[in-house]
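This report looks at salt bridges in a protein chain. The sequence and the structure are shown first.

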Amino acid sequence: MSGPVALCDCNSFYVSAERVMDLSLRGVPAIVASNNDGNAVARSAEAKALGIKMGDPIFKIRDLIKAHGVAVRSSNYTLYADIQRRVLAATEPFARDIEIYSIDENFLDLTGFEHLDLVDHCQKLRAQILQWTTIPTCVGLGPTKTLAKLGNAAAKKNPIFDGVADLRDDYIRRYVMDRFDVADVWGVGGATARKLSDLGIRTAGQVRDMPLRQARGLGTVVLERLVAELNGVQADAVEVVAPDRKGMAVTRSFGTPIADLEQLMGAISQFAMRAGEKLRQHGLVAGRMAVFFHTNRHKPDRPQYGASRGGALHPMTADSFELISLARRLVERAYRRGFEFTKAGIMLEQLAAADARPRTLFEDLDQSAQRERLMAAIDDINGKFGRMTVVPGSQGFKRPWKMRADMKSPAWTTRISDLPVVKA
């Protein structure tokens, strides 16, 4: 992005998406729970006002939920993905290019729109998204992504900006940065924030004023890049090398405890299948895998057992069937009868780019190419018709371990049988 940058963020996106079709949720405190209905991962403004924090365990706030009539919904990712698609459709006319940062945040390249009043332009964007989807948004403007992200945070926190904060203005930028805690700056992790605090650097403005060499020495190229962007220099202009990805994981808590080996094998097969998909999406292969599973550590009165086993993938691969085969062997080594397992996962290590992976002496290249085409075909089918349309037989189809979602809303916008009926 060479021109002005905007970050458009959907406010309390999961809750706002639930409110699109369920009018009973509007104007009342509402939260969306994480997988297995464990924690609050989205909160309406009304719920935040009650003191409900991000990540609060549902069981710890049940009294608060009951006392204030807080509406609770299970995560409905099918609905959220469809609403995201509609938000993007409303956004497209307002930017030269859109970079999807997350399901509720998009960076907009406003190159070519500089002749317009960009604050007014972004207000019109917000109005169109609201009209087309009912989703409220805030927008941050700036010469770099980091400043646009900072402007978005300011637009959310301070009503004086009326939903759009323009950090291209030097006075506004300094006003915001001198009042913005360093721990809340995009890209500053907890360890880096503590190092900066030890040096007396506690605001975004103080980070901005750091010498680039000092930033690199303290927080590697990531902090150097951040300092450059806070000074209005786009990160592409700073010579940095992004660190390679070291590992990848697929872990889940079970909706129902598993006490049967075949059920555990089915769950592990599903996780390994998903791990292969993730590798292929990122153009990577793995050289090592670890499998773990354990009982509920929060119930010390029940028999406890946890295990982890690892093994090499030779040759390095992203083939889901190869991952499943190794994962099942690792489970067989570690499994013990008489325990109820509540969580398991797959972890992949020694990642490398697929096109640069080392070849083995006796590798059958024709067979490898056939398996790659098979994996690509499975990915295409599952991408078109929905995840787990094609699954390995070892995974099974009943999936008794699947995550709990007792308060899940219908697939209002993507399933004919769930379409709301209006009577006049």
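Does Asp170 count as buried, exposed or partly exposed, and at what relative accessibility? In this predicted model, Asp170 counts as partly exposed, at 41% relative accessibility. Arg174 counts as partly exposed too, at 40%. A salt bridge joins Asp170 and Arg174, with the closest N and O atoms 3.5 Å apart. Both residues belong to helix α7 (residues 170-177), where, being four residues apart, they are separated by about one helical turn. Elsewhere, salt bridges with shared partners connect Asp82, Arg85 and Arg86 into one network.

The count of salt bridges comes to 18. Among them are the following pairs.

| Asp22 | Arg73 | 3.0 Å |

The side chains of Asp22 and Arg73 meet in a salt bridge. That pair links distant parts of the chain, 51 residues apart: Asp22 is in the loop between α1 (13-21) and β2 (30-33), and Arg73 is in strand β4 (residues 71-74). Asp22 counts as buried because its relative accessibility is 15%, under the 20% limit.

Asp109 is buried, at 2% relative accessibility, whereas Arg96 is exposed, with a relative accessible area of 53%.

Notes: Residues are numbered from 1 along each chain as its sequence is written. This is a predicted model: local features need pLDDT of at least 70, side-chain atom pairs count only at pLDDT 80 or more; totals for chains, interfaces and linings use all residues. Side-chain values use heavy atoms; hydrogens and water are left out. A salt bridge is a side-chain nitrogen of Lys or Arg within 4 Å of a carboxyl oxygen of Asp or Glu. Helices (H or I, at least four residues) and strands (E, at least two) are DSSP runs, numbered from the N terminus. Buried means under 20% relative accessible area, exposed over 50%, partly exposed in between (1.4 Å probe, protein chains only).
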